Amino acid sequence: MRNKEIAEIFYQIADLLEIKGELEFKVRAYRRAAQRIETLEEDIEELCRKGKLRSIPGIGESIASKIKELIETGRLEYLEKLKREVPEDLIRLMDIPGVGPKKALILYKKLGITTVEQLRDACKKGRLRHLEGFGELTERNILRGIEMLERSKDRFLINVAYENGYRLVEYLKKNKDVLSISIAGSLRRMKETIGDIDILVSSLNPDSIMEDFVRYPDVKIVLAKGSKKSSVILRDGIQVDVRVVKPESFGAALQYFTGSKEHNIQIRNIAMKMGLKINEYGVFRKDTEEYIAGRTEEEVYKAIGLDYIEPELRENRGEIELAQRGKLPEIVKYKEVKGDFHIHSTWSDGTASIEEIARRSQEMGYEFVGIADHSASLKVAHGLSEEDLLKKIQEIRKLQERFDVRIFAGTECDIKPDGSLDYSDKILKELDFAYAAIHTKFKMDRKEMTERIIRAMENEYINILAHPTARMIGKREPIDIDLEKIFEVARETNTFMEINAFPDRLDLNDVHAKMAKEMGVKMAIGTDSHALDHMRFLRFGTAMARRGWLEKKDILNTYDLREIEKAFGR
DNA sequence: GCCGTTTTCGGCCCGACTGTTTTCAGTCG
């Protein structure tokens, strides 16, 4: 059984226990264990065999024996028993915003409701309003919640959240009562997908901020409006929460609302052991309630003896321990990424000419730009014949005379099912660099697919493996490959792994990038732009690199031109 | 259910908003 499957089962147990009204901390213990398992790097079956389950924090005697039972028998009597007591379907009701364990249980006990459909029907017929703790408004809210759930099943891609978030920040900044303002939450941490947007403001006049916020032209529905917190849904369907705090609490609140939750729990534990208390208003002495810090985040971290931790690192993946010892990595800065390797032009399926791309690159302050169009066999994307590729190289050489930005002539060469390449060595050699990429036959078995990719990487003219797992967020599962093996070969052959910055790819992702770095593999960021407008996605690739703890030296895009040319080895 | 530099028992992060109440439970993050 995979880690994720086992984690799912413990999440399920937590939900069922919660509906049953079990002790809150027991529920939390199961959730914590599930989360640990989900984010575990080692294979849980392996740990189980070695009898090391108990070494996972949050897993004690009881949960360890349940894991063992699951792995050995494929089922869990405890879960079966729970399901006999509480209908499994009730869990789904808790997905509806506004319905928690208590309401779910009442709905089941009083009206026999177990499914979302039944609940929708009961709301429409006005059957909920007579229940204790429910009213007509509750019915309407639940109906709206169901609608929203169905509409927003998927989280939002980072670019959607990023653009909406920063546009709104610019709008709010015009209010003269805004003293400081920042994005918080998962968007500030630059997670690959975003549930909702959090914005934090410091002001002495919160009502003025909230008035402006709910009047923002893109607001579709106002969900809540108070002087400390308000929530709306924007036209794009994404929810935005704005919170207003006093200036002396801004840093503490920013730290609190940036999360992640797991990171903050750790932070609070450290504070607790020091006799301190951290909440969104500041750091306080536990006994006297004396205010110690809170105006800036730096202050908050310093108060508990930690170096400042960049938002992208705040996932409780070991950053706190390193911050305590002053050993945090110096992660790559956004401005250190000096160009983009992966841009499609009108020669294949891009919408901009090479000249336009070069001009835009210069405007963006790039030192280099890589043009990487599709290869011949990818007919749907107008892949270039070898003949046309030579013409394209000529065009680039000519354009180069008129531009300061270095234009690298490249390709995104298809890897055929047998691992051979779409272009001959003779023509690959003429280019400045070459990507290899999988665009066909995604469903090969693990061994075959891994060998296919390795064979391509072993070609001396291939420099970068494009979007290594080929996943598309919300659309396509990653291909089945042995990443560890691929990273080993990458290190041996000096092949760079791409961090594809296109918002629905983000491939390698943060976890894979971290793993690659730890194995000594270098990476290259590319946007996979098919239009000039896509070129600003570069930031999302850098974000994945930062989330993967990558430093400047790990990323080809930060090298000097000489070093890049040397790395390409032509 | 888990855990331990104050604890093998008694804590476990904690506050805001909503809708229902008429002082608070439920939900959320």
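In which loop does Met 190 lie?

A: Met 190 lies in the loop between α11 (185-189) and β3 (193-194). (Helices, meaning DSSP runs of H or I with at least four residues, and strands, runs of E with at least two, are numbered from the N terminus.) Its phi is near 60°, a positive value in a residue other than glycine.

Before we go on, some housekeeping. This is a predicted model, where local features need pLDDT of at least 70 and side-chain atom pairs count only at pLDDT 80 or more, while totals for chains, interfaces and linings use all residues. Residues are numbered from 1 along each chain as its sequence is written, and chains are lettered from A and ligands numbered from 1 in the order in which they are written.

Now for a sheet. Five strands make up an open sheet with mixed pairing, in the order β2-β4-β7-β6-β5. At its edges are β2 (180-184) and β5, each pairing on one side only. From one strand to the next, the twist averages 20°. (Two strands pair if DSSP finds at least two bridges between them; angles run from 0 to 180 degrees between N-to-C directions, using axes fitted as lines to C-alpha atoms, for helices over the stretch in contact.) Within this sheet, β4 (residues 196-202) and β7 (residues 239-245) run parallel and are joined by seven bridges, with Asp 196 standing opposite Gln 239 in β7. Helix α10 (residues 158-173) lies across β2, β4, β6 (229-234) and β7, running at about 25° to β4.

(Ala, Val, Leu, Ile, Met, Phe, Trp, Tyr, Cys and Pro count as nonpolar, Asp, Glu, Lys and Arg as charged, and the others, Gly among them, as polar.)

Follow α2 from that surface and you get to α1. The axes of these two helices come within 8 Å and cross at roughly 165°, so α1 and α2 are roughly antiparallel to each other. (Angles under 35 degrees count as roughly parallel, over 145 as roughly antiparallel, 65 to 115 as roughly perpendicular and the rest as oblique.) On the α1 side, the contact includes Ile 6, Phe 10 and Leu 17, and among the α2 residues they meet are Val 27, Tyr 30 and Ile 37. The residues of this contact split into 12 nonpolar, one polar and five charged. (Two residues are in contact if their C-beta atoms, placed from the backbone, lie within 7 Å.)

Helix α1 (residues 3-20) also packs with α5 (residues 77-85): their axes come within 10 Å and cross at roughly 40°. Here Ile 9, Gln 12, Ile 13, Leu 16 and Lys 20 in α1 meet Leu 79, Leu 82 and Glu 85 in α5. That contact has five nonpolar, one polar and two charged residues.

In the loop between α13 (250-258) and α14 sits Ser 260, and a cis peptide bond with omega of about -5° joins Gly 259 and Ser 260.

Three bridges pair β13 (residues 406-414) with β14 (residues 435-437), where Glu 412 stands opposite Tyr 435.

One last stop: a cis peptide bond, omega about 5°, joins Asp 507 and Leu 508. Leu 508 is in the loop between β16 (496-500) and α22 (510-518).
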